[in-house]
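Look through the structure below with its backbone geometry and domain layout in mind. The text that follows takes these topics in turn.

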Amino acid sequence: MKSKELNDHICRSLTILIESSDELRDLDQALGDGDLGITIAAGSRAVIAALEELPEDTTPTEIARTCAKAFANANPSTMAALVAGALLSGSRVWEGETDIGVEEAARFTKAAADSIAQRGKTQVGDKTILDGIAAASDALKAVTDPAEATEAAKAAAARAVRETTSLQSRRGRASWLQERSIGLADPGAAAFQRFVEAWEAAGVTIN
Amino acid sequence: MKKIINDPESFVDEFVEGILLAHPDLVKTPGDDIRVLVRADAPLDGKVGIVTGGGSGHLPLFKGYVGKGLCSGVAIGNVFSSPSSDQIFQATKAVDGGAGVLYLYGNYGGDVFNFDLAVDLAELEDIHTKTVVGRDDVASQPNERKLDRRGVAGIFFAYKAAGAAAERGDSLEQVAEIAEDAVEHTATIGIGLAPTILPTTGKPSFELPAGEMEIGIGIHGEPGTRRGTLETADEIAEHLTSALVDDLELGEGSRVAVLVNGMGATPLEELYVLYRKTHKVLAERGIEIVKNYVGEYATSLEMAGASISILDLNDDRLELLNAPAQSPFFREG
């Protein structure tokens, strides 16, 4: 996937993702402060607007950095800052790359997961967005066929979100609810799942 | 509740505009965003920049400490809310004189996330940063978890020390070390007598019955870690000072700087009544107050109450406190 295709695909995916913002808001209201809907909707719109301004020959690294800055500034919440930091970490592993395939996507996702773990001082099983991203990262590492990659990431994220339902939140506002958080899916992980689904729905497989 | 405001939504922009109009010789806004202030002579070639930031509602914190011998720039959030990473980054670019930039701010989740993201943004433009967070509130966590404490009025000492070091031309590593050293040797504890009222909601942040006080308050109008019977000024000074002396393990022969800080609605007279007893309690224990500061240094809008901060001094820290400084709200020498 070259720059232009990558840029277009991100824009199409985020347009689809915005449709999930009410669902994510409601999920977040049950566990947190409910601003996840606006973070996703305003963030996605800001990213699309910023990407549309980029010239066609912008590198994948610069595309990822543009996404990070736009997302962080749209609604400067904790989630926005964590996601933006993750995208910046991912942008570093794409230095020098011009064609993004499964292997590049896997390295990006791994760097993003590591950033969220470090910045959010969190680990898999704490019931956060990391649970979804780490699962997708592992799934992408195990595949080489572009046709299978998105499907594998989607299945892994969906499984991770289902698994968060039985867990108790250990980070962020949701952790204040303690055992009352058990029984509800983590909104952050669910947002990531919806993103991967949107990526698939946006058309082509990673390649 | 009556307030002198126009529109609650424009409250922050309007008081920042007021500061800019009142002190054009000391501070300026480097770009289009009025939420980013830097010292008027920024950037200083070859000197380390210091960027702070945080929510509004704490004046003189944070924007009041931008000036010579103090911070170089500040990113300003809404009342009790973090500034954005972009605002922090704009301040960073405006103060970078080529020697790197220290991020020095209070330990709060939203601020930490946004400053950390600004670290990434600065790195992309080859601006080297280091981060030190103020975490002086002894009531917020016990001593064994002191790294998780929140930052309150005592960050003033870290500003003063780090700002003096940057002004004399220390390297980024040295300025960060000096800031960290000041943070490690500072402890603060406060009490609240009346809540804060947010301009946007117009409602008090908590209810406090007559004859009671909140002990261990922060600077966001939040209740303290416990509620107790309102004590006399001498009892308050005795209890707060003892907690700080124990936390810092001060003893006979220790030299300290003391900051008695008003939370916004407490008269200076009451702060001096507190200082009086604090001075005596420390003197009885053989602890010498070498520097003292009494007044409003970090407030919580119109909260009534006070905090006491102590900095355990050595010769290096004392020299940094004594170095000249000038900002819209503070002057030394």
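Helices (H or I, at least four residues) and strands (E, at least two) are DSSP runs, numbered from the N terminus. This is a predicted model, in which local features need pLDDT of at least 70 and side-chain atom pairs count only at pLDDT 80 or more, while totals for chains, interfaces and linings use all residues. Residues are numbered from 1 along each chain as its sequence is written, and chains are lettered from A and ligands numbered from 1 in the order in which they are written.

Consider the backbone first. Most residues other than glycine have a negative phi, and most peptide bonds are trans. In chain B, the loop between β3 (49-56) and β4 (73-79) holds Pro60(B), and the bond between Leu59(B) and Pro60(B) is cis, with omega about 10°. Phe62(B) lies in the loop between β3 and β4 of chain B; a cis peptide bond joins Leu61(B) to Phe62(B), with omega about -10°.

Positive phi values come next. Lys121(A), not a glycine, has a phi of about 45° and sits in the loop between α6 (102-119) and α7 (129-141) of chain A. Glu249(B) has a positive phi near 55°; its place is the loop between α6 (233-248) and β10 (255-262) of chain B.

Are these two residues, Lys121(A) and Glu249(B), buried or exposed? A residue is buried if 20 or more other C-beta atoms lie within 10 Å of its own, exposed if 12 or fewer, and partly exposed in between, with C-beta atoms placed from the backbone. Lys121(A) counts as exposed because it has 10 C-beta neighbours inside 10 Å, and Glu249(B) counts as exposed because it has 9.

Strand β10(B) runs parallel to β11 (residues 288-295) of chain B, joined by 7 bridges; two strands pair if DSSP finds at least two bridges between them. From β10(B) the chain passes through helix α7 (residues 268-284) of chain B to β11(B), a right-handed β-α-β crossover, that is, clockwise from the first strand over the helix to the second with the strands pointing away from the viewer.

An automatic or database domain assignment sets the domain bounds: chain B has domain 1 (9-184) and domain 2 (186-312). The contact takes 23 residues from domain 1 of chain B and 29 residues from domain 2 of chain B, where contact means C-beta atoms, placed from the backbone, within 7 Å.

Conventions: Two residues are in contact if their C-beta atoms, placed from the backbone, lie within 7 Å.
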